[in-house]
Amino acid sequence: MIRTVSVEKILELLENREIDFRFEGNNEIEIEGVSPLDEYKKNTLTWIKNKNVYQEKKQIVKQKDIMLIVLDYNTQEMAKFENAIICNNPKHVFSIILEAFFEEKLLQNQRGGNLIIGENVQISESIFIGNNCVIGNNVKIGRGTRISHNVVINDNVEIGEGCYIHSGVIVGDEGAGYSLVDGKYLHVPQVGGVKIGNHVDIYANTCIDRGTLGDTKIGDGCVICSLCHIGHNAEIGNNVMILNGTIICGSAKIRNNVYLAPGSIIRNPVTVGEDCVTGMGAVITKNAKEATIYAGYAARPIEKKISQICRK
């Protein structure tokens with residue numbers, strides 16, 4: 001089904017959100033959905049990041065009759081699109097429009113099929129829960145949180161308001177806790193929980209282990225992308241961006257406003273200071289100073305393999 005929306009409504013939305021922008025063109029036209037610039041579809045809304053991207057793609061763009069575009073002031077000065085929403089942050093403005101008019105809406109208070117809910121569970125209003133989900137005992141879920149399909153939330157988990165838990169996520173399962181006794185690995189029970197703050201997005205197939213005795217903690221405003229693992233007793237601060245394939249080992253501490261690039265590994269029990277950034281595949285083995293960029297990790301032989309070393 002094609003969703004149509006008038007430019008007038010889009011502009012009204014941006015004004016209500018107090019977005020700093022300028023519009024040039026005809027506000028009476030209607031657009032029929034959205035599309036990427038490279039594969040632009042007739043009568044749709046698109047966007048472009050900046051003038052450098054436009055320079056790379058201008059030959060393609062010139063061949064297309066673009067109905068409406070979101071772009072920055074420098075790009076419009078160069079390109080002169082007929083109908084344009086001009087702003088300082090095109091990606092952000094385009095996202096606002098996308099969410100308001102074109103994103104699939106999950107119905108409030110909707111419950112999917114095959115849902116299993118344990119005892120002493122507190123589920124606030126305006127929550128969506130998808131199909132085939134399991135919610136354990138002593139779980140608390142805040143207002144406006146969305147839980148997609150095939151999600152498992154185990155016992156003793158607290159999730160704040162406005163979170164989005166995507167498909168395949170497992171929260172509060174038992175991490176691998178073991179003690180080496182007489183040359184054998186013996187299981188150490190993990191009996192703690194998980195506390196997740198407000199407005200946290202956790203993407204598909206990520207696993208967050210419960211604490212050993214206390215809680216694994218994730219602060220407000222975090223984004224945890226697909227296929228990440230957060231070990232038991234880890235503590236994540238506020239506004240942390242954790243990209244795909246990142247591993248945060250047990251008891252590691254990630255302070256506020258940290259950016260962990262794809263494939264980062266944070267060893268236990270190190271601390272990553274506020275405002276740190278890691279490069280792709282970075283391995284952090286020692287405490288990381290705040291407001292510092294860390295990149296790379298060169299594997300090197302350190303000693304011949306000895307069973308005692310391997311089993312420490």
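Mentor: Two strands pair if DSSP finds at least two bridges between them. Strands (E, at least two residues) and helices (H or I, at least four) are DSSP runs, numbered from the N terminus. This is a predicted model, in which local features need pLDDT of at least 70 and side-chain atom pairs count only at pLDDT 80 or more, while totals for chains, interfaces and linings use all residues. Residues are numbered from 1 along each chain as its sequence is written, and side-chain values use heavy atoms, with hydrogens and water left out.

Trainee: In which sense do E5 and strand E6 pair, and over how many bridges?

Mentor: Strands of a sheet pair through backbone hydrogen bonds, either parallel or antiparallel. Here E5 pairs with E6 (residues 84–87) in the parallel sense, over four bridges. Ile-69 has Ala-84 of E6 as its bridge partner. Strand E4 (residues 45–47) also runs parallel to E5, joined to it by three bridges, and Leu-45 stands opposite Leu-68 in E5.

Trainee: Which residues of E5 are buried on each of its faces?

Mentor: In a regular strand the side chains alternate between the two faces of the sheet. Buried means under 20% relative accessible area, exposed over 50%, and partly exposed in between (1.4 Å probe, protein chains only). In E5 (residues 68–72), five of its five residues are buried. Leu-68, Val-70 and Asp-72 are on one side, and Ile-69 and Leu-71 on the other.

Trainee: Now a helix. Which residues of H2 are buried, and which exposed residues does the opposite face carry?

Mentor: An α-helix has 3.6 residues a turn, so residues three or four places apart point the same way. In H2 the buried residues are Val-53, Tyr-54 and Val-61. They lie on the same side of H2 because they cover an arc of only 85 degrees around the axis, the arc being that of the directions from the helix axis to the C-beta atoms. The face turned away from them carries the exposed residues Asn-52, Glu-56 and Gln-59. The buried residues of H2 pack against helix H3 (73–79), where contact means heavy atoms within 4.5 Å.

Trainee: How far apart are the end C-alpha atoms of H2?

Mentor: The expected span of a helix is 1.5 Å times one less than its number of residues. H2 (residues 51–62) has 12 residues, yet its end C-alpha atoms are only 14 Å apart, short of the 16 Å that a straight helix would reach. At its N-terminal end, H2 is capped by Asn-50, with a side-chain oxygen 3.1 Å from the backbone nitrogen of Asn-52.

Trainee: How many residues does the largest nonpolar core have?

Mentor: A nonpolar core is a set of buried Ala, Val, Leu, Ile, Met, Phe, Trp, Tyr and Cys residues joined through side-chain atoms within 4.5 Å. The largest has 40 residues, and those with the most contacts inside it include Ile-196, Ile-242 and Ile-266. Strand E14 (157–159) and strand E19 (193–196) each supply at least two residues of this core. Apart from it lies another core, of 34 residues, among them Ile-29, Leu-37, Ala-84 and Ile-97.

Trainee: What is the strand order of the open sheet of eight strands?

Mentor: The order is E8-E11-E14-E19-E22-E25-E28-E31, with parallel pairing. Strand E8 (122–123) and E31 are the edge strands, each pairing on one side only. Within E19, Val-194 is buried, at 1% relative accessible area.

Key:
Polar contact = N/O pair within 3.5 Å; in protein donor to acceptor, adjacent residues only side chain to side chain.
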